[in-house]
2 protein chains.
Amino acid sequence: MAVAAPAASAMQSMTGADRLCDALLAHEVDVCFANPGTSEMHFVAALDRQPRMRCILGLFEGVVTGAADGYARMRDRPAATLLHLGPGLANGLANIHNARRAHSPMINVVGDHAVEHLPLDSPLTSDIDSLARPMSRWVKRIGDPTRIDLDVAEAWSQSMAPGISTLILPADMAWNEHVYRAPPARGRRLPQAPLQQETVARIGAAIRTKRRVVLLLTGAALREQALSIADGIRRSAGVEIYAQGANGRIERGRGRAPIAKLAMTHEIGGRMLQDVDMVVLIGAKEPVSFFAYPNRPGRLAPANCEIVRLAGPDQDLVQALEWLADEVDAPRAPVAVAPRAAAAPVASGALTVDMVNRLVAARLPEQAIVCDEALTSSGFFDLSYDAPPHDYLQITGGAIGIGIPMAAGAAVACPDRKVINLQADGSGMYTVQGLWTHARENLDVLTIVFSNRSYATLWGEMSKVGAQTPGRNAQRMLQLDQPELDWTKLAAGLGVESRRVTTASEFSRAFDAALGRRGPAVIEAMV
Amino acid sequence: MAVAAPAASAMQSMTGADRLCDALLAHEVDVCFANPGTSEMHFVAALDRQPRMRCILGLFEGVVTGAADGYARMRDRPAATLLHLGPGLANGLANIHNARRAHSPMINVVGDHAVEHLPLDSPLTSDIDSLARPMSRWVKRIGDPTRIDLDVAEAWSQSMAPGISTLILPADMAWNEHVYRAPPARGRRLPQAPLQQETVARIGAAIRTKRRVVLLLTGAALREQALSIADGIRRSAGVEIYAQGANGRIERGRGRAPIAKLAMTHEIGGRMLQDVDMVVLIGAKEPVSFFAYPNRPGRLAPANCEIVRLAGPDQDLVQALEWLADEVDAPRAPVAVAPRAAAAPVASGALTVDMVNRLVAARLPEQAIVCDEALTSSGFFDLSYDAPPHDYLQITGGAIGIGIPMAAGAAVACPDRKVINLQADGSGMYTVQGLWTHARENLDVLTIVFSNRSYATLWGEMSKVGAQTPGRNAQRMLQLDQPELDWTKLAAGLGVESRRVTTASEFSRAFDAALGRRGPAVIEAMV
């Protein structure tokens with residue numbers, strides 16, 4: 001089989017894989033996180049002929065898709081992923097789920113057997129379409145190689161809606177050659193549903209009649225400009241503003257309007273919404289409990305509270321806030337720079353979760369990107385409103401194993417910014433392979449592992465179900481000791497420098513040292 | 001919420017989770033590989049009240065499902081898995097896919113949100129049913145807690161058919177209490193489709209007319225007794241016998257009839273079947289190429305070759321062989337003990353893949369269980385026909401990352417036998433977390449990592465697509481150097497003793513030392 005040269009112009013014969021690659025590049029999709037297999041070798045060959053496409057290998061597909069999510073959160077445009085058949089896609093689904101919940105754009109390319117080979121049901125055959133649908137906004141099996149560019153254009157449009165696009169690429173669609181007579185088609189942004197002026201008026205009326213109104217924000221409403229408008233409404237009209245419980249990205253720190261997250265539990269979130277008359281959704285969903293528990297309501301707002309959707313994640317959230325600000329005559333005053341709440345903590349004594357989070361917030365580099373999968377060791381967010389300006393990325397869909405991959409993607413997206421990944425140990429183990437990608441690409445990521453040697457989240461959950469004293473079987477499901485994980489050795493095995501710290505002063509020194517240089521590092525904090 | 005005491009008798013109030021646990025135990029499903037989350041806490045509490053149920057934690061769901069597969073291959077009955085919602089299931093799907101291809105029984109219990117919580121679409125919500133179906137034989141969402149035992153009985157029956165059963169357990173089905181008035185129902189074996197005597201006669205006629213006939217075996221047809229019958233047919237009737245390309249388990253070594261595997265490539269497998277007039281499927285599928293390639297047929301048998309299905313994997317394969325033996329008057333002579341083909345290799349000089357495989361075959365402990373995910377470093381199988389009697393388990397569905405988990409499950413199933421896992425490095429990284437379970441449970445597993453620092457399989461595949469000199473992008477997709485993985489550090493980080501060896505004599509000493517003691521160990525062979 002001849003190999004086509006890359007097509008700089010039209011009228012050239014090239015493989016479907018070459019065309020797919022060109023079509024992605026036509027949409028500025030120029031990063032491909034990948035773990036390819038045989039069925040994707042033509043696509044790899046195509047990437048090879050396109051030096052503009054940056055290929056980044058993950059040693060497991062959960063790394064690949066989590067990295068694509070982190071990239072998209074920082075760039076607001078999709079990376080491509082390259083996945084090997086049904087099992088490769090399946091391995092990536094958990095972090096695709098998180099990306100879906102973050103409203104991240106993503107274009108997955110999933111190789112499949114050649115069309116004639118599929119009915120033979122060879123061992124790696126599975127129903128890829130069915131696996132892809134639950135976590136994708138849009139799924140397309142490429143069936144006409146001469147129209148691959150149109151499929152990519154649609155995948156891009158759907159991903160920018162935003163959402164997950166999954167293209168299934170049968171091997172023969174990739175390897176067959178065709179003469180393409182025009183440059184690849186370009187996708188357009190899908191039209192956004194217009195905002196409803198009457199909804200704005202209704203919310204304005206509620207605010208003016210002194211009813212208790214909460215604005216619940218996510219997505220683009222959590223960027224600096226939007227937050228500033230929301231804060232103006234808050235200050236002038238007396239509403240409360242919250243970020244949704246889990247969000248793709250929040251622009252945060254001094255100069256940005258501080259915002260609290262609405263807790264996703266009945267006990268805390270429900271109390272935050274006590275006596276609220278109206279919750280206004282701005283990109284967000286109706287607030288609900290993360291899990292259900294016996295005899296507790298799943299909805300967090302009171303039963304008589306009005307839930308009003310001003311704008312969905314596929315609408316213009318900044319415009320929604322502007323209209324609402326106009327409606328209630330909110331001034332567009334700059335956000336007052338928040339004063340530092342407290343002096344930087346003294347780094348001495350025992351190492352605690354709180355101490356780590358305080359030190360990180362206090363010494364955060366300007367324009368750092370913070371990835372937060374600390375779970376029960378979280379606490380950074382509440383301390384960070386007056387930290388230096390930074391971006392805050394967190395686990396969104398509850399599928400653990402996002403931290404290390406997301407940090408990789410964010411670092412690829414923003415190579416000049418320090419990425420700090422606050423990582424729970426149990427969750428980190430899900431995609432520990434991602435540290436190798438940190439090393440491989442020399443990414444400027446500092447991973448701080450909160451080593452508590454347990455699925456600490458679940459201890460709390462066990463007590464909620466009534467089993468106050470977990471027995472042997474339960475304990476063995478919740479404890480990660482016996483043997484203890486050693487993150488310094490794991491990191492070293494994957495090519496990343498690492499240090500274990502057991503006191504506050506050790507952490508302080510290790511943290512400062514890591515901030516003082518570029519490149520990947522791990523600090524294992526024994527908390 | 002009150003916690004029910006375990007029910008020793010009927011007429012007791014207990015949770016649905018307790019009932020589910022009792023129903024599993026009623027089918028002797030007494031091992032549960034698990035990575036639970038909040039929605040499964042009631043099931044964990046139930047396990048706690050049932051010390052008969054052995055719970056084994058995996059730090060990632062691919063470990064959980066791969067271990068259940070290894071267990072089932074050795075025990076011919078299912079273990080349970082406990083998985084957390086859609087992402088937890090998704091993480092386990094790749095090894096469920098392998099289990100499906102191995103015809104392994106398995107019962108997955110996948111927690112879901114409470115029924116009333118599902119429509120609220122909280123962050124961890126996804127379409128679990130759709131995710132489960134492609135890799136399952138049977139999927140059931142538990143909807144009536146008073147009938148959980150019937151659901152488990154059906155799950156068990158379906159799993160023994162054999163296949164994958166997936167039970168979706170909404171949290172409220174687990175936590176609600178009921179009075180169960182009878183012990184759990186017991187499932188029955190599904191009736192097997194009867195064999196067709198006319199098919200046997202047709203095959204017999206072909207054999208007697210000296211047509212070239214191949215018997216293709218898998219599943220139960222690869223156990224000692226069945227192999228002996230097949231070998232009798234081979235010797236007396238002049239047919240050839242092959243194992244399918246990938247199989248769940250082969251009983252192998254001295255005293256067992258040696259059998260070759262049919263290669264799943266056009267080049268080798270196609271040649272093996274050249275001029276064959278009839279392929280008889282005994283549990284096996286029509287032989288096909290693992291992947292498709294341009295201008296090569298996917299079917300391995302010649303176009304005019306008859307494909308005759310004597311028995312499917314859900315039929316009685318031993319009876320099928322017995323009927324065929326009777327048809328052709330094959331004697332039931334014992335298998336001649338194969339002479340040793342060659343003296344044990346001298347362990348000196350450079351460490352090569354072949355040297356490792358020869359040493360392992362020559363010094364294999366009696367009744368060892370060999371797990372083979374060596375991929376391009378394979379070669380053990382061909383050397384092992386005259387090794388001491390052992391069981392041979394291999395990757396079946398092409399979804400890499402089965403070796404370490406499968407070895408764990410096999411060791412749990414057969415605690416008195418040495419398990420040797422021949423592990424490719426790239427594949428091993430997929431579920432490296434499984435080494436922690438080896439340590440946690442003190443499993444007698446020796447993992448030999450063939451460290452070649454590349455996805456070596458794909459180098460061959462690249463050349464098949466015509467890209468003879470992979471460029472920078474392609475190389476970075478295939479090479480695992482930069483940085484090099486250090487398996488000794490990875491193993492140590494997960495609590496497993498390990499040693500790196502670079503010469504044949506070092507390997508020989510490390511191998512002997514590992515055989516001389518019980519418990520988990522890793523040898524990183526730099527080949």
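Mentor: The count between chain A and chain B is six salt bridges. Bear in mind that the model is predicted.

Trainee: What makes A:Asp121 and B:Lys285 a salt bridge?
Mentor: Their closest N and O atoms are 2.3 Å apart. The cut-off is 4 Å between a Lys or Arg side-chain nitrogen and an Asp or Glu carboxyl oxygen, so the pair qualifies.

Trainee: How many residue pairs are in polar contact across the interface of chain A and chain B?
Mentor: The rule finds 54, with both residues at pLDDT 80 or more.

Trainee: Which element gives the most to the side of chain A that touches chain B?
Mentor: α4(A), with nine residues. That side divides into 56 nonpolar, 31 polar and 17 charged residues.

Trainee: How much area do chain A and chain B bury between them?
Mentor: About 8400 Å², 65% of it on carbon and sulfur atoms. In chain A, the residues that lose the most area to chain B are A:Pro123, A:Tyr430 and A:Met477, together 9% of what that side buries.

Trainee: Now within chain A. Why is the pair A:Arg249 and A:Asp76 called a salt bridge?
Mentor: The N to O distance is 3.5 Å. The limit is 4 Å, so this pair also meets the definition. Between domain 1 and domain 2 of chain A, the count is two salt bridges.

Trainee: Which residue classes make up the domain 1 side of that contact?
Mentor: Four nonpolar, one polar and three charged residues. Domain 1 and domain 2 of chain A bury about 660 Å² between them, 43% of it on carbon and sulfur atoms.

Notes: Residues are numbered from 1 along each chain as its sequence is written. Chains are lettered from A and ligands numbered from 1 in the order in which they are written. This is a predicted model: local features need pLDDT of at least 70, side-chain atom pairs count only at pLDDT 80 or more; totals for chains, interfaces and linings use all residues. Side-chain values use heavy atoms; hydrogens and water are left out. Buried area is the accessible area (1.4 Å probe) that two parts lose on being put together, summed over both. Ala, Val, Leu, Ile, Met, Phe, Trp, Tyr, Cys and Pro count as nonpolar, Asp, Glu, Lys and Arg as charged, and the others, Gly among them, as polar. A polar contact is a pair of N or O atoms within 3.5 Å; within protein, one must be able to donate a hydrogen and the other to accept it, and residues adjacent in sequence count only if both atoms are side-chain atoms. Helices (H or I, at least four residues) and strands (E, at least two) are DSSP runs, numbered from the N terminus.
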